[in-house]
2 protein chains.
Amino acid sequence: MSPPYKLSYFDIMGLGEPIRILLSYGGLDFEDFRVPRENWPNLKPSMPMGQMPVLEHNGKVAHQSMAICRYLAKQVKLTGKDDWEDLEIDAMADTVNDFRQKVGKYHYESDEKLKAEYEKLLFSEVAPFYLEKLDAQAKQNGGYLVGGRLTWADLVFVGLIDYMNFMAKKDLLATAPNLEKVKENVANVPNVKKYLETRPNKH
Amino acid sequence: MSPPYKLSYFDIMGLGEPIRILLSYGGLDFEDFRVPRENWPNLKPSMPMGQMPVLEHNGKVAHQSMAICRYLAKQVKLTGKDDWEDLEIDAMADTVNDFRQKVGKYHYESDEKLKAEYEKLLFSEVAPFYLEKLDAQAKQNGGYLVGGRLTWADLVFVGLIDYMNFMAKKDLLATAPNLEKVKENVANVPNVKKYLETRPNKH
């Protein structure tokens, strides 16, 4: 029998990694289908919005990484204690993603002149601002992003930070000890620890 | 007594409009606090991530527009019938927002040469692709985006489409009759109709 979940994504961490970590956290058996770049043009038209990650479950297909993470968080009980806390978690997940997009804007720019502009803006203003705000949030919540305990916002953060460090070509958490603590707290959950130790190490 | 909700945003539709429509739909009394551009630099440091929209409720403050919309959708019963349908709604909301961002990338570019490049890409590829996919989704769901009935994904779409048309300088729905139908279905809900007729008409 095939596993109940199938995740399709490129053979990198990227936007698939928070989903892989959530599935692993919950001990949910999944097929980690990694699409080689050369096969993507053929596969693209079959994906809901021509994008990955895509999650299949019970014969149904879903796209959009944060929507998938939120769904899985409900299955593995990593949501908030009430609607307002869910709002805070959602806001943190979207904020981490905004930050990820801004790092990506620099990383993926092919025009050298523009890239130099984006680099300057990213490292002089954008990254310090996000890191200060997020680190303060983690400090206030004792090494978690919301509610003083583990939620899926923490798993999203940890799922994306290695990818972000790779794109930024530096350790973004070097000056963010409380975010480093979030990373440790997630990495020390036995199911996650096991996954992190055995995952393909490809940004 | 002040209203139970306060929305802070610029004096435009923008990312605040889906929130205003959701509050109006539910008949939730709210202060529509519109910040003049010239006051923003003073106010910015007091906002959670230096951004708006921001929602205040019960002495608490929240940011991130889609997170706020999802919270309000729960209060006014516009969510899915189960976790998977919520995932589909979330994916649609994020997809509409991705599209909005791509239109914004063109609209907000100040470099004339880059803007011309973005314009070409947007109108020859990006917009037709999104509109075809979203229109097919609306067709399949009988004039709604998910589940064949009104959900908050429809309100997000209607809340953003005027802003997107303004940025695109054209009626994006001219070739998308089923999305036009979504717009009509939302606009015909009495509480929404009343709001749309009386709102400040500022993109």
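A salt bridge is here a side-chain nitrogen of Lys or Arg within 4 Å of a carboxyl oxygen of Asp or Glu, and by that rule four salt bridges cross the interface of chain A and chain B. This is a predicted model, in which local features need pLDDT of at least 70 and side-chain atom pairs count only at pLDDT 80 or more, while totals for chains, interfaces and linings use all residues. Residues are numbered from 1 along each chain as its sequence is written, chains are lettered from A in the order in which they are written, and side-chain values use heavy atoms, with hydrogens and water left out.

**Extent of the interface**
- The contact (heavy atoms within 4.5 Å) takes 35 residues from chain A and 35 residues from chain B.
- The area buried between chain A and chain B, that is, the accessible area (1.4 Å probe) that the two parts lose on being put together, summed over both, is about 3000 Å², and carbon and sulfur atoms give 59% of that area.
- Met49(A), Trp84(A) and Leu87(A) supply 24% of the area that chain A buries against chain B, more than any other three residues.

- Arg70(B) forms a salt bridge with Asp90(A), and their closest N and O atoms are 2.7 Å apart.

- The same surface serves both copies, as 100% of the contact residues of chain A recur in chain B.
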